[in-house]
Amino acid sequence: MRQRLVVGNWKLNGSRATNAALLRACVEGADFASPAKVLGVCAPFAYLAQLQEVLGGTAIQYGSQDVSRFASGAFTGEVSAAMVADFGCRLAIVGHSERRALFGDTDEIVAIKFGMAQAVGLTPILCVGESLAEREAGDTEAVVSRQLQAVIAAHGVKSLAKAVVAYEPVWAIGTGKTASPAQAQAVHAFLRGVVAEQDASVASSLPILYGGSVKASNAAELFAQADIDGGLIGGASLVAEDFLAIGRSL
Ligand code: PGA
């Protein structure tokens with residue numbers, strides 16, 4: 001059985017006060033969370049200590065939205081994977097489309113970050129996804145396969161045995177436009193097939209999450225698809241009852 005996960009990506013949102021209320025409600029409502037059905041929260045670096053304080057010892061896993069590609073040294077403003085792990089984090093998102101589009105994260109940099117996360121025992125959540133122009137040009141499979149292959153080339157297919165992939169079509173992120181369950185399932189099956197060509201057992205145990213305007217109202221149908229193992233949730237993860245309802249759809 002593959003692990004199933006619903007992971008919140010708070011992006012650049014929150015304050016100590018709003019986080020406290022949100023996290024408390026999540027802890028109270030996360031009775032369904034287990035090692036097989038993971039509920040996770042990825043917050044800004046500044047709040048990792050707060051995540052540890054509130055979520056440490058609960059069934060909710062937590063982590064960061066990025067890690068530095070460097071381990072230590074003269075890299076002002078960076079936060080290393082080891083620093084993230086130092087707060088009891090288990091998860092680290094790498095290669096989110098906003099990092100790729102706005103902060104210069106290339107496929108090669110994302111692969112380095114993936115390796116940095118794994119080296120300290122974090123589970124990287126590797127995001128892949130095509131833009132609207134790429135989809136309309138019929139390039140979806142080429143784009144997501146290139147993004148995935150960059151990690152396989154750098155770290156080997158076995159590295160995916162301790163990782164999560166998130167398929168997030170850029171045109172569906174924060175737009176209210178969700179990929180249809182069939183559209184998402186097709187890409188998930190394609191991604192699993194790319195891995196299976198190199199290692200069938202890694203492919204069958206790899207959780208592949210869908211992200212992009214997942215809501216309480218569409219989560220169950222998405223998660224019912226054969227190759228969709230949960231979701232990476234932006235906007236809806238900021239509202240406890242919505243986030244928990246999505247988690248209960250696992
Ligand atoms: P969204 O974001 O749920 O707000 O569309 C998803 C993501 O970017 O991870």
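The lining of the largest pocket in this predicted model comprises six nonpolar, three polar and four charged residues. That pocket has a volume of about 320 Å³. Its lining counts 13 residues, and those nearest the centre are Lys11, Leu12, Gln65, Arg99 and Phe103.

The ligand is surrounded by 13 residues, with Lys11, His96, Glu168, Gly174 and Ser213 the closest. By class, this shell holds four nonpolar, seven polar and two charged residues.

| Residue | Atom of the residue | Distance to a ligand oxygen atom |
|---|---|---|
| Asn9 | polar side-chain atom | 3.4 Å |
| Glu168 | polar side-chain atom | 2.7 Å |
| Gly235 | polar backbone atom | 2.9 Å |

On its own, the ligand has 280 Å² of accessible area, and the protein covers 95% of this.

Lys11 is named both among the residues closest to the ligand and among those nearest the centre of the largest pocket. Lys11 also takes part in a salt bridge with Glu98, in which the closest N and O atoms are 2.9 Å apart. This pair ties together parts that are 87 residues apart in sequence, because Lys11 sits in the loop between strand E1 (4-9) and helix H1 (16-29), while Glu98 belongs to helix H4 (residues 97-102). Side chains of opposite charge can pair when their charged atoms come close. In total, the structure contains 12 salt bridges.

How values were computed:
Residues numbered from 1 in each chain as written. Predicted model: local features only at pLDDT ≥ 70, side-chain atom pairs only at ≥ 80, totals over all residues. Heavy atoms only, no water. Near = heavy atom within 4 Å. Polar contact = N/O pair within 3.5 Å; in protein donor to acceptor, adjacent residues only side chain to side chain. Areas by Shrake-Rupley, 256 points an atom, 1.4 Å probe, with all protein chains shown as cover. Nonpolar A, V, L, I, M, F, W, Y, C, P; charged D, E, K, R; others polar. 1 Å grid on protein atoms, 1.4 Å probe; cavity = no way out; pocket = protein on both sides within 12 Å on 5 of 7 lines; lining within 4 Å. Points joined across faces, edges and corners; volume = space filled by probe spheres on them. Salt bridge = Lys/Arg side-chain N within 4 Å of Asp/Glu carboxyl O. Helix = DSSP H or I, 4+ residues; strand = E, 2+ residues; numbered from the N terminus.
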